[in-house]
Amino acid sequence: LYLLLRQLGLLENPMGVAVPEAAFSLPITIVILRPFMRAIPGEIEDAAVVDGASRLGFFWRILLPLSRPALTTVAVLAFVTSWNAYLLPLLVLSDPNHFTLPLGVAAFQSQYSQDTARILAYTATSMIPALGFFIFAERHIVGGLTGSVKG
């Protein structure tokens with residue numbers, strides 16, 4: 001992966017972290033979305049076709065809105081997983097100005113290794129964005145996971 005990212009010129013670039021993280025999230029996305037979308041009755045598509053909707057129109061206007069809980073679940077899981085990623089950003093980013101939060105916490109911890117209170121405060125502060133995002137989308141996660149295990 002490192003060699004491929006180097007060939008593409010994505011080292012020291014946020015896209016060099018974002019694209020592989022998105023690819024790493026695909027398996028769990030498929031595991032959650034496929035059963036959820038298969039559980040939607042085919043009669044809904046038939047009714048949409050009778051009303052004049054194309055297959056793409058059915059997908060955009062009916063299937064995606066019905067799949068909102070599963071899509072939210074996938075988005076939250078992918079966000080939290082990529083937010084907490086450590087190894088990939090460590091390999092791709094070497095400039096401390098481009099570090100992600102987990103890399104910044106590790107650098108801070110090595111710099112202030114004797115000051116435990118400061119390290120714990122920095123670590124707790126770094127958890128706030130992911131925790132806030134998770135709390136904001138919590139009810140959608142439960143609905144998305146429930147729909148993915150039906151059937």
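This is a working chat about a predicted model of one protein chain.

Biologist: What are the ground rules here?
Modeller: The model is predicted, so local features need pLDDT of at least 70 and side-chain atom pairs count only at pLDDT 80 or more, while totals for chains, interfaces and linings use all residues. Residues are numbered from 1 along each chain as its sequence is written, and side-chain values use heavy atoms, with hydrogens and water left out.

Biologist: How many helices and strands does the protein chain have?
Modeller: The protein chain has nine helices and zero strands. Helices (H or I, at least four residues) and strands (E, at least two) are DSSP runs, numbered from the N terminus.

Biologist: What is the radius of gyration of the protein chain?
Modeller: The protein chain has 20 Å, whereas a compact globule of 151 residues would be near 15 Å. The radius is taken over C-alpha atoms, and the globule rule is 2.2 Å times the number of residues to the power 0.38. Along its principal axes the C-alpha trace spans about 70 × 40 × 25 Å.

Biologist: And how much of the protein chain is buried?
Modeller: Buried residues are 27% of the 151. Buried means under 20% relative accessible area, exposed over 50%, partly exposed in between (1.4 Å probe, protein chains only).

Biologist: Which residues make up the largest nonpolar core?
Modeller: Six residues: Leu-5, Leu-10, Val-17, Leu-88, Val-92 and Leu-93. A nonpolar core is a set of buried Ala, Val, Leu, Ile, Met, Phe, Trp, Tyr and Cys residues joined through side-chain atoms within 4.5 Å. Another core, of five residues, lies apart from that one and includes Ile-32, Leu-33, Ala-70 and Val-74.

Biologist: What is Val-92 in contact with?
Modeller: Beyond its neighbours within four places in sequence, Val-92 contacts Leu-5, Leu-10, Leu-11, Glu-12, Asn-13, Gly-16 and Val-17. Contact means heavy atoms within 4.5 Å.

Biologist: Where does Glu-12 lie?
Modeller: Glu-12 is in the loop between α1 (2-7) and α2 (14-38). Its phi is near 60°, a positive value in a residue other than glycine. Glu-12 counts as partly exposed because its relative accessibility is 27%.

Biologist: Switching to packing. At what angle do α4 and α5 pack?
Modeller: Helix α4 (residues 55-66) and helix α5 (residues 68-83) pack at about 65°, with their axes 5 Å apart. That makes α4 roughly perpendicular to α5. Angles under 35 degrees count as roughly parallel, over 145 as roughly antiparallel, 65 to 115 as roughly perpendicular and the rest as oblique. Axes are lines fitted to C-alpha atoms, for helices over the stretch in contact, and angles run from 0 to 180 degrees between N-to-C directions.

Biologist: Which residues meet there?
Modeller: Leu-64, Pro-65 and Leu-66 of α4 meet Arg-68, Pro-69 and Leu-71 of α5.

Biologist: What covers the buried residues of α7?
Modeller: The cover includes α5, α6 (87-92) and α8. The buried residues of helix α7 (residues 101-111) are Pro-102, Leu-103, Gly-104, Val-105 and Phe-108.
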